[in-house]
Amino acid sequence: MDILQKMQLQESVYSKSETKVYHFLKDNFEKIEILTITKIASSSYTSTSAVLRFCQILGYKGFKDFRYDAIRYLHTRYKEQSEDILDQMSDQYAIVLNQIKNLDRHLIEHLTDSILKRQQLHIFGVFLSSMPARYLHFGLQDLGIASQLATDLNSGTHLSNIIEEEDTLIMFSISGATSNFNNSLSAISKNMPKRSYLITLNEHASAAKYFTHVITLPGNSFSKQSIIDVQSIPMMFVEILLNIIHSKL
């Protein structure tokens, strides 16, 4: 039985003042490291004697022993929660990495060949999707392959003014929604390059209709569980793609 369960178990035997102490500590338990017995007494509108009696009901000699046990419990709980998140996310990434093996090899080969043609190459990704776009652009630059990079809607609009039919266009978008495309590349929606690629995590991407090729990366359900827009999966794909390109130079 942990300390919070112990506090709740004794709720029926607390006096009125001890009940006030209990409710204050229950609501502010995360702050126990910075709470003194005087602060608890004043904040719960009781007395230090009431706080001391509360601790003794739980089986502690005094407030010092109660506070020590509470802090130890919090540290243990934080550690367990961290390990759970670490294990969970590590397992998810392992699954995604394994699923990357199932990507269409012919499609990746087609993308690689398009990049190696050394014709005009345009890379587009806005907001957080600018991260894999930048990574691909600078990675190709290190390999001696030039590309035009657009990482916001304004530069995307400029891109639409210079893209020609024989060029290659690569767009990164986790959701594959049409909004960013329409706000920047709509001018070429009916005259897209023959080699246009959408790299997304959404197999039902609405923007797919504009592209001749769509590479759907695994991990869509994983990305929805994260507190941020997951760009690590496209970044891993770019890393793999750059290594494939390097092997062909």
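**View 1. Lys-248 and Glu-109 meet in a salt bridge.** The N to O distance is 2.4 Å. A salt bridge here is a side-chain nitrogen of Lys or Arg within 4 Å of a carboxyl oxygen of Asp or Glu. The pair links distant parts of the chain: Lys-248 sits in helix H11 and Glu-109 in helix H6, 139 residues apart. Helices (H or I, at least four residues) and strands (E, at least two) are DSSP runs, numbered from the N terminus. Lys-248 also forms a salt bridge with Asp-113, at 3.6 Å from N to O. Asp-113 lies in helix H6, so this pair ties together parts that are 135 residues apart in sequence. Shared partners join Glu-109, Asp-113 and Lys-248 into one network of salt bridges. Lys-248 is partly exposed, at 33% relative accessibility. Glu-109 is partly exposed too, at 37%. Buried means under 20% relative accessible area, exposed over 50%, and partly exposed in between (1.4 Å probe, protein chains only).

The model is predicted: local features need pLDDT of at least 70, side-chain atom pairs count only at pLDDT 80 or more, and totals for chains, interfaces and linings use all residues. Residues are numbered from 1 along each chain as its sequence is written, and side-chain values use heavy atoms, leaving out hydrogens and water.

View 2. Asp-69 is buried, with a relative accessible area of 16%. Arg-72 is partly exposed, at 48%. The salt bridge count comes to 5.

**View 3. The largest nonpolar core has 28 residues.** Such a core is a set of buried Ala, Val, Leu, Ile, Met, Phe, Trp, Tyr and Cys residues joined through side-chain atoms within 4.5 Å. Leu-111, Ile-115, Leu-136, Leu-140, Ile-170 and Phe-237 have the most contacts inside it. At least two residues each come from helix H5 (63–100), helix H6 (105–116), E1, H7, strand E3 (168–172), strand E4 (195–200) and helix H11 (232–248). H11 gives the largest share, 6 residues. Ile-170 touches several residues, including Leu-111, Ile-115, Leu-136 and Tyr-197, not counting residues up to four places away in sequence. Contact means heavy atoms within 4.5 Å. Another core lies apart from this one, with 24 residues, among them Tyr-14, Phe-54, Tyr-73 and Leu-74.

**View 4. Phe-127, Leu-128 and Met-131 form a nonpolar surface patch.** Together they have about 310 Å² of accessible area, from the Shrake-Rupley method with a 1.4 Å probe; for residues, only the protein chains shown count as cover. Patches are made of residues with over 30% relative accessible area and no salt bridge: like charges are joined within 9 Å, nonpolar side chains (Val, Leu, Ile, Met, Phe, Trp, Tyr) within 5 Å. Phe-127 is found in the loop between strand E1 (121–124) and helix H7 (130–142). At 60% relative accessibility, Phe-127 is exposed.

**View 5. Phe-127 has a positive phi of about 55° although it is not a glycine.** Most residues other than glycine have a negative phi. Tyr-45 also has a positive phi, near 55°. Tyr-45 lies in the loop between helix H3 (37–43) and helix H4 (48–57). Tyr-45 is exposed, at 71% relative accessible area.
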